[in-house]
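User: I'm new to this one and would like to learn how to read it. Could you walk me through it step by step?

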Amino acid sequence: MTRYIIRRLFLIIPVIIGISIVTFGMLRLIPGDPAQVMLGEHATEEAMEALREQMGLNEPLVMQYVHYMGDLLRGDLGRSIQTNRPVLEEIATRFPATFELALGAMAFATFFGVLFGIIAAYRHNSLADMGIMLVALIGVSMPIFWLGLIFMYVFGFKLQWLPPSGRLTVGIELLTMPQAWGMGESGEGAWRAFLDFMSGFYVLDALLTANWTALWDVVKHLIMPSVALGSIPMAIIARMTRSSLLEVLSEDYIRTARAKGLKERAVLAAHAMRNALLPIITVVGLQMGFLLGGAILTETIFSWPGLGRLVVNRILSRDYPAVQGSVIVIAMVFVLVNLVVDISYAYLDPRIRYD
Amino acid sequence: MDSLQPARAKPYRSSLFLDAVRRLLRDKLAIIGLVIMIVFLLTALLAPVLAPYDPIAQTLVDRRQPPSSQYLLGTDDLGRDMLSRIIFGTRKSLQVGVVSVSLAIAVGAILGALSGYLGGWFDTLFMRLMDIVLAFPALLLAIAIVTILGPGLLNMLYAIGIVSIPAYARIVRASVLTVKEQDYVLASRALGARPVRILFRQILPNCLTPLIVQGTLGIGTAILDAAGLSFLGLGAQPPTPEWGAMLGQGRYAVFSAPHIVLFPGIAIMLTVLGFNLLGDGLRDALDPKLRI
């Protein structure tokens, strides 16, 4: 198992180098003078030269890449042209919002996807099965941003059941963890930074500070974006669960388990799902990439203050260092998630380890 | 007496194809998909005839009109007829979907075939390159490419095409690796056939089935991606009637004029559903395991 993990870690290195080259190239491949493109048509020559110096655009390409990699390894993603703040700082404040949204969508998609898949498999060829598969097919064909807008209109405007935008209602106070635990403005460096970062996860904050009003408010804000974002993954997971379970349920060991007199629930939990789980986990892992990309669209509709919205706003304002930094962070998270999925896959199926 | 007649062998190629067509026509959902696809194709071809108004003509006095007898699907924020814009939008969506997938298949098939056939350092390098492309969430990479090239329909087409290449390259490479060591390929090589001939006459035809299936499904995905990019303002630019762009421009009016958002979304959903149904049907029809 350890050898497999080490092998997988080694395989990641060229991918990470490749990601860094692609994001490095993003800025340098822009047609025309990057400095002029970023500062606009009316920028003075002095301003453009200062930007070129700051970003090292005058140096040979190889030296630029060496400095870029050095900065990356130190965690320096440059400065935003628009706000002049370090890009890493801007990303760190927004990343928890995106990750919370992706996790919410994943939880929704996995829970309901697996549930509907099991129902469809057990009621194979019935009306329920066909209904679920039809809904899944329609779900996979829908643009998530359109679904989000429909939700906003129906649940946010007409029925007024759920708030149509944002993460937290104005006026509801959410204490951060350092505040709730009495750390005030003090606290040791790395631990304090960690707590400040984790305080971007509102659900966690509300839970750990026992702020039930805020928790309910945060969850209400999370529902519509999570359901909209998770709709396509849910449909895909439902279809995969159904087909995987159908294959497993026709196996001899299931027949044996039933012949032994096991209750169907035990057959499902102890035998069927364990074996059906492998392809389902693969699909769940693959969907994480879709969620990270799809979050860009969802955040735009629901005014969710996450990384996706940062990317879109900064592209339109030509703030390329911020875009570059966001792209590399999202790609790295995706690579890590895939690594975790691969390792858990190898843990669950010993045959993979010896490949 | 009939049983004593020698059996006439059916031509091998045509019966396989007819088999697949027959299986496809028995699949009701695939037929629905095919019908939807044909409807949209005809709509795209006959757009100037079908559209009641000019899709980019603005009538500001008729802004945000709900559906009526004058404007069947209502008007948008600038008084443009929604039905005409959706009809003309069919052209853009099908264009982007079909062209980007064709580009991806062409480039992916050639590179995947070379990679599988040549093996060695070329194969390793190419597969690592594909891994890097796949390391990015598809939409994010498409956004990054459009950021570099600049917003616009053509650049969006390239971006979606580039992002789709790995899927087709992998299909072709896998087929090539399977078929490469078969006896009939080795026989061709022994007889002195050039690699190009072997690739095109013997190896690539084996990849056709998964390519057709994946390509059909891929058009649906490409249309969704294109709508997403245009929604963000990175694809089709105003006043081009493109469904995603219509959603993007109309989203600020969702509470006062929801029809602006409803109909383009339905159009996207139906088109993508059509391709998905057809793709699923083709997968079942062309599956060799189902051939008895």
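This is a predicted model: local features need pLDDT of at least 70, side-chain atom pairs count only at pLDDT 80 or more; totals for chains, interfaces and linings use all residues.

User: How many helices and strands does chain B have?

Analyst: Read from one end to the other and note each element. Chain B has eleven helices and zero strands, so its pattern is simply α-α-α-α-α-α-α-α-α-α-α. The C-alpha trace of chain B spans about 75 × 60 × 25 Å along its principal axes.

User: What percentage of the residues in chain B is buried?

Analyst: Here you count neighbours around each residue. Of the 292 residues in chain B, 47% are buried.

User: Can we try a single residue? Why is A:T300 called buried?

Analyst: The cut-off is 20 or more other C-beta atoms within 10 Å. A:T300 is buried because 23 other C-beta atoms lie within 10 Å. You'll find A:T300 in helix 13 of chain A, which covers residues 264–302.

User: Which residues does A:T300 touch, leaving out those up to four places away in sequence?

Analyst: A:T300 touches A:G308, A:R309 and A:V312, plus B:L232 from chain B. Look at A:V312 again: A:V312 sits twelve residues along the chain from A:T300, and their C-alpha atoms are 7.9 Å apart.

User: Next, the nonpolar core. Which members of the largest one touch the most other members?

Analyst: The largest nonpolar core has 157 residues, and those touching the most other members are A:I237, B:L140, B:A142, B:I143 and B:Y168. Take B:L140: beyond residues up to four places away in sequence, B:L140 touches A:L292, A:G293, A:I296, A:V327 and A:I330. There's also a second, separate core of five residues, including A:Y202 and A:L222.

User: And where the chains meet, how many residues of chain A are in contact with chain B?

Analyst: A general idea to begin with: interface size is often given as the accessible area lost when the parts come together. Here we can count residues instead: 39 from chain A are in contact with 32 from chain B. Several helices of chain A each supply at least two residues to that side, among them helix 1 (2–28), helix 14 (307–316) and helix 15 (320–348). Helix 13 of chain A gives the most, with nine residues.

User: How many nonpolar, polar and charged residues does that side of chain A have?

Analyst: Sort them by class. The side of chain A that touches chain B has 33 nonpolar residues, six polar ones and no charged ones.

Methods:
Residues are numbered from 1 along each chain as its sequence is written. Chains are lettered from A and ligands numbered from 1 in the order in which they are written. Helices (H or I, at least four residues) and strands (E, at least two) are DSSP runs, numbered from the N terminus. A residue is buried if 20 or more other C-beta atoms lie within 10 Å of its own, exposed if 12 or fewer, and partly exposed in between; C-beta atoms are placed from the backbone. Two residues are in contact if their C-beta atoms, placed from the backbone, lie within 7 Å. A nonpolar core is a set of buried Ala, Val, Leu, Ile, Met, Phe, Trp, Tyr and Cys residues joined through C-beta atoms within 7 Å. Ala, Val, Leu, Ile, Met, Phe, Trp, Tyr, Cys and Pro count as nonpolar, Asp, Glu, Lys and Arg as charged, and the others, Gly among them, as polar.
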